[in-house]
Amino acid sequence: MSEIPSELKYTATHEWSRLRDDGLVEVGITDFAQNALGDIVFVELPEVEEEVAGEEEVAVVESVKAASDIYAPISGRVVEANDELVDEPERINADPYGSGWIFVIEPTDTEDLDNLLDALEYEEHCAEEEEQH
Amino acid sequence: MKTALFDQHQALGARMVDFGGWRMPLHYGSQVAEHHAVRNKAGIFDVSHMLPVDFEGPDAVPVLQLLLASDVSRLQSVGQALYTVMLNENGGIIDDLIVYRLSSDRFRIIFNAATSTTDVQWVESRIPQDFEVEIQPRRDLNIVAVQGPEALTIASKVVGGKDIDALKPFTCVEHDQYFIGRTGYTGEDGVEILCATDAVHSLWKALIEEQLTPCGLGARDTLRLEAGLNLYGQDMTSEVSPLESALEWVVHWEPIDRSFIGRERLQNLKAAGAQRKLTGVVLERGIMRAGQEVQTGLGNGVITSGTYSPTLGYSIALARVPKLATGDCKIDIRGRLVDGRLVRPPFVRKGRKVHK
């Protein structure tokens with residue numbers, strides 16, 4: 001059973017979003033996603049200062065077996081990318097909700113987060129995907 | 001379809017995937033850890049989805065001389081084996097395989113899983129009617145590969161045979177209920193053990209008790225690619241000849257009167273000169289994947305297999321590129337051109353890096 005922290009918001013494409021006290025939104029991939037991908041060996045980070053739209057492809061995570069696109073959960077401007085992942089992409093496997101964060105967005109509208117899945121909805125979504133697998 | 005060891009894979013926590021119609025283990029937790037286990041000690045693989053086929057009869061040799069690109073008469077003594085390919089009339093590769101000589105008139109070929117049904121149909125359709133040979137697919141046999149620097153010692157202990165210690169590379173022996181070949185698909189030393197279903201359960205358990213790491217298809221793929229070994233369906237297909245698949249060495253042109261299937265076309269291709277070659281590519285940033293374009297100063301090519309090399313810590317690939325291309329190249333990874341370098345496979349030999 002994968003870990004799904006209740007305070008985060010989620011997408012159907014398995015990104016999590018954390019609204020910080022400074023109004024910025026931290027983004028990474030979920031425990032479910034890292035587990036499905038397997039050993040992560042390379043991360044292509046988004047450009048800082050890049051304007052992104054919700055559901056736009058902004059980064060790529062590669063495991064030994066395949067490449068997966070990472071989508072922006074909401075629209076905004078990328079203000080930070082996790083450079084530590086360049087040398088230690090395995091952080092995403094080890095600590096997906098912590099040091100494995102991928103980028104930070106300054107949201108165009110914080111209320112966009114309300115359209116994302118909450119932990120319960122995301123858990124149901126994962127269960128459905130498991131069944132299809 | 002499931003192999004006899006399916007329940008054991010599930011008990012070991014394997015993530016199962018479909019492969020050529022079979023439910024096979026992809027990994028048992030970490031394919032990178034499994035990869036390292038094979039390079040550093042030894043690992044075991046269930047490859048029972050592959051199909052052994054026995055050829056027996058007074059005309060077994062002439063039949064194989066017709067079907068295979070290699071000259072099987074070079075297997076002069078019982079127990080010798082060779083790696084070769086089966087070609088169609090256009091010189092394209094139908095499958096790659098190992099053929100073992102079991103006696104003067106009995107041979108065993110191991111075909112790939114995905115191609116096994118069409119391989120057997122092909123063989124049966126191409127044998128001239130007056131040839132005396134019996135073709136026997138051996139779905140009753142399971143295959144466990146034990147691979148790694150300690151594979152031979154441990155396999156010998158478990159199977160209990162002095163004859164395994166004496167087994168030379170590319171030879172085989174029948175010992176009790178086992179057929180053992182000193183062959184593999186990882187670039188490491190090791191054996192492939194064939195046996196019936198009742199024997200394979202206890203064999204697998206005994207190997208697990210020896211602390212050998214069970215390995216899935218994921219590790220098998222990164223290991224074979226590091227060793228520069230082709231995968232059928234990716235690096236070799238029925239559309240491409242061995243001359244453009246880094247396999248001219250398996251084509252035995254001598255004796256010149258041996259008219260194997262595909263020979264005539266292959267000779268014409270050779271006379272005209274191959275346009276492309278299969279070679280290696282290394283890349284420091286990013287991961288190469290099959291289908292990506294390779295740009296060289298002499299024209300473009302394509303990645304046929306690409307992955308991350310756990311031993312080297314960067315991406316390696318096989319690519320089909322213009323024949324004379326060497327050195328620097330560019331790989332189109334999702335629209336971004338990344339600097340790569342063409343190198344001669346293998347990438348890893350005896351657990352160590354080959355190219356600087």
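Biologist: Which residue of β7(B) stands opposite Ser103(B)?

Modeller: Arg106(B) does. Bear in mind that this is a predicted model, where local features need pLDDT of at least 70 and side-chain atom pairs count only at pLDDT 80 or more, while totals for chains, interfaces and linings use all residues. Residues are numbered from 1 along each chain as its sequence is written, with chains lettered from A and ligands numbered from 1 in the order in which they are written.

Biologist: How do you know that β6(B) and β7(B) pair?

Modeller: Pairing takes at least two bridges found by DSSP. Strand β7 (residues 106-111) of chain B has 5 bridges to β6(B), so the pair qualifies. They run antiparallel and form a hairpin with 2 residues between them. The names come from DSSP runs, numbered from the N terminus: H or I of at least four residues for helices, E of at least two for strands.

Biologist: What joins β6(B) to β5(B)?

Modeller: 7 bridges, again antiparallel, with β5(B) covering residues 81-87. Tyr83(B) stands opposite Ile98(B) there. That hairpin has 5 residues between the strands, and Gly91(B) takes a positive phi near 80 degrees in it.

Biologist: Why is β6(B) called mostly covered?

Modeller: Buried means 20 or more other C-beta atoms within 10 Å of a residue's own, exposed means 12 or fewer, and partly exposed is in between, with C-beta atoms placed from the backbone. In β6(B), 9 of its 11 residues are buried.

Biologist: How do you know that the length of α7(B) agrees with a helix at 1.5 Å a residue?

Modeller: The expected span is 1.5 Å times one less than the number of residues. The 13 residues of α7(B) (197-209) should therefore span 18 Å, and the end C-alpha atoms are 19 Å apart, which agrees.

Biologist: Which residues of α7(B) are buried?

Modeller: Val200(B), Leu203(B), Trp204(B) and Leu207(B). They cover an arc of only 100 degrees around the axis, which puts them on the same side of α7(B); the arc is that of the directions from the helix axis to the C-beta atoms. On the other side, Asp198(B), Ser202(B) and Glu209(B) are exposed. The buried residues pack against several elements of chain B, among them α1 (6-11) and α5 (151-159).

Biologist: What makes β10(B) and β13(B) edge strands?

Modeller: The open sheet runs β10-β11-β12-β9-β3-β13 in chain B, with mixed pairing. β10 (172-175) and β13 (213-214) each have a single partner strand, so one side of each is left without a neighbour in the sheet.

Methods: Contact = placed C-beta atoms within 7 Å.
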